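Please read it alongside the model.

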Amino acid sequence: MQIRSLAELNKLKQEASGQIMIRQHRETTETNKNILVCGGTGCLASDSDKVVKNLETILKARGLTEQVKVIRTGCFGFCEQGPIVKIEPDNVFYVRVGPKDAKDIIDEHIVKGNRVQRLLYEDPQTKEKVHTQEEMAFYKKQLRVALRNCGLINPEDIYEYIAVGGYEALGKALTQMSRNEVIDTVKKSGLRGRGGGGFPTGLKWEITSKQQEEEKFIICNADEGDPGAFMDRSILEGDPHSVIEAMAIGAYAIGADKGIVYIRAEYPLAISRLTTALQQARESGLLGQGIFGTSFNFDVKLKYGAGAFVCGEETALINSCEGKRGEPNYKPPYPAEEGYWGHPTCVNNVETFANIPVIMIRGAEWFASMGTEKSKGTKVFALAGKINNVGLVEVPMGITLREIIFDIGGGIPHGKKFKAVQTGGPSGGVITEENLDTPIDYDGLLALGTMMGSGRMIVMDEDDNMVNIAKFYLEFTMDEACGRCGPGRIGTKRLFEMLSKITSGKATMADLDAIKQLAYMVKDSSLCGLCQTAPNPVLSTMKHFWNEYLDFVKDVDHPQGEGKFVPKNKIGMKS
Amino acid sequence: MTKPQEIDVMKPDGREFPKEMYDELEAFIESLETTKGALIEILHKAQGIFGYISRDVQLFVARKLGIPGAEVYGVVSFYSYFTTKPSGKHTISVCMGTACFVRGAGKIVESFKEKLGIEANETTEDGLFTMKDVRCIGACGLAPVVMVDGKIYGRVKVEDIDDILNVYRKKEEQYADKIPSGAK
């Protein structure tokens, strides 16, 4: 059915809200139960689709299909313990559920009302069984804003999104707010780009809106190329409508009527859910001509990436959208002035977009009340590596790394010692024990010689060699450097070769010196952000773990364990 | 990734494809509203039809769009998703994302290389396996991860590798047994 006004949307919301109220533990007349099963890529990899199938088969056999609904949701974030199954309204959280556990969940829990003890999460510290999500250490310090609907609604059903207030923000913006008011709200909220750069989103919208051109574009950057980052994918898989709604709001604000989602071809599930969502939005009149009975027209097209990390850079992304090699351009002109086919174009990241609808509904002040002075709101981090609770976490800005790693992440497995955490992916650096209590925000991380990046955190323990880690990252940027500029193309390759020389034990002190020089050269003279930040892993590990570099160098008499070194020869002289 | 892939633009690649495949690609190109900016989309389709984008297919696309073959090759070689060589029957992708790397994916890759006698992006002589290293398939909770034709093996140890390979080798043997001896 076509939705033509806010009143019609509200009516639909009322009709659809019954099921959702069960899950939100609000008072409801419904006596039914919902079984939520995580349908994110991580849980699907451990057979969550078979869990769904078995649950449905058994429900059918017991004649319970009317009262009990099985819903495949987006990612709950607790990937280490997947597949996750949650029973509502009982608010019981089961972990590592296998296809064979379906029988007990239904016969014991649903029918008899007994909790299946073996599937409950066991707190590693207290060894006690934890029943609800709220009691788990992993969730206690989290604040889910961008991920608000992941693990709550069925991403393939637009009515569930409408039931949680979906498309209200768009309706409000189109019918009650001027373009400038929308931009002002986003500006006041203090939202900054979540893709890595941290550019103020409202300002970007304002610049694009001021361009005097008939045709403008809004692009969603879903080319999540940073290995180990999967927050954008989880949002697209778990809550695709929020991104579509936000793109429409942005398009209205900047004066565009066409949108593009540039998405990795390697994300088949996200593509399929997004395609479904777009189709449903069109059928409901939330995309297309005259949205909400106004004169605003908007539609979204998908463009597929083909595996190039550099395409996360906005000018490279635009080139790739135009079917060309994804090489970046010199800026200025910025895409806001001259972007897709020369038209003013606004490029925002998936997570940035996911924040927009809530900001419009709950207000800029609410959003700005979270976070630090210059970084507002929350940030999603993908926690991985040598950490107990691998997964996706969303926390308010300003939280410390110690809280994320030890409280939420549950610390380091096998009783090993924490060594460092790498943030910002191939563009970032390492943070060691001494800086773990720094509040996390864009500027705080930059001051530590690393960056927010897309929000990936890799934790390393005492067994990891930092020179190897730096080499690993350099190999990545060397492969991914597009070849457009000399420092990026040649510099990263030489850096990688020099690091290989070090790890093979053939390097001298002169090589260490040369690496440093070259690293600064690449940093200062590369064309785009990818290679400007490529030397960061090297410089940062050199700063914090200089001794590990020295361990590899042959002309240094390095007394193990004392942390001091006595060079045999002067720096720069070969032995 | 922008690794140069070996391709000789002067020599045909020695494999002929049925005309129907080209017809399908042609029909797709003609169904597009505009071919402006559609090259990557067309190449995705081509790889879907042919399995890989050979020299002939690249030239076919170039002629169809009225652009130089070099431009098509420039795009094909730029993106790691496109391949110019046929793949083996099964594709083994070892995740080399950072999460998998710190949990020992390096050793897994080395072990696969040793057991199969090939490097990354190569195919075994019997045409059974192609090995690729991929950057993160997003199952970091299961690191290190190996994916064979879409099936994901999590928390893989070096000792598991023979078992994984044997699953596919056995399938092959069973298949070979089922063919009547006369047809072999």
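1. In chain A, the axes of helix α8 (residues 179-189) and helix α14 (residues 350-362) come within 10 Å and cross at roughly 100°. Axes are lines fitted to C-alpha atoms, for helices over the stretch in contact, with angles from 0 to 180 degrees between N-to-C directions. Helices (H or I, at least four residues) and strands (E, at least two) are DSSP runs numbered from the N terminus. α8(A) and α14(A) are therefore roughly perpendicular to each other (angles of 65 to 115 degrees; under 35 is roughly parallel, over 145 roughly antiparallel, the rest oblique).

2. This is a predicted model: local features need pLDDT of at least 70 and side-chain atom pairs pLDDT 80 or more, while totals for chains, interfaces and linings use all residues. Residues are numbered from 1 along each chain as its sequence is written, with chains lettered from A and ligands numbered from 1 in the order in which they are written.

3. From α8(A), Thr185(A), Val186(A) and Ser189(A) meet Ile356(A), Ile359(A) and Met360(A) of α14(A); contact requires C-beta atoms, placed from the backbone, within 7 Å.

4. An automatic or database assignment divides chain A into domain 1 (32-140), domain 2 (165-368), domain 3 (378-461) and domain 4 (466-567). The C-alpha centres of domains 2 and 4 of chain A lie 37 Å apart. Ten residues of domain 2 of chain A are in contact with eight of domain 4 of chain A.

5. Between the chains, 31 residues of chain B and 37 residues of chain A take part in the contact. On the chain B side, α2 (39-50), α4 (69-78) and α5 (98-102) each give two or more residues.

Technical notes. Two residues are in contact if their C-beta atoms, placed from the backbone, lie within 7 Å.
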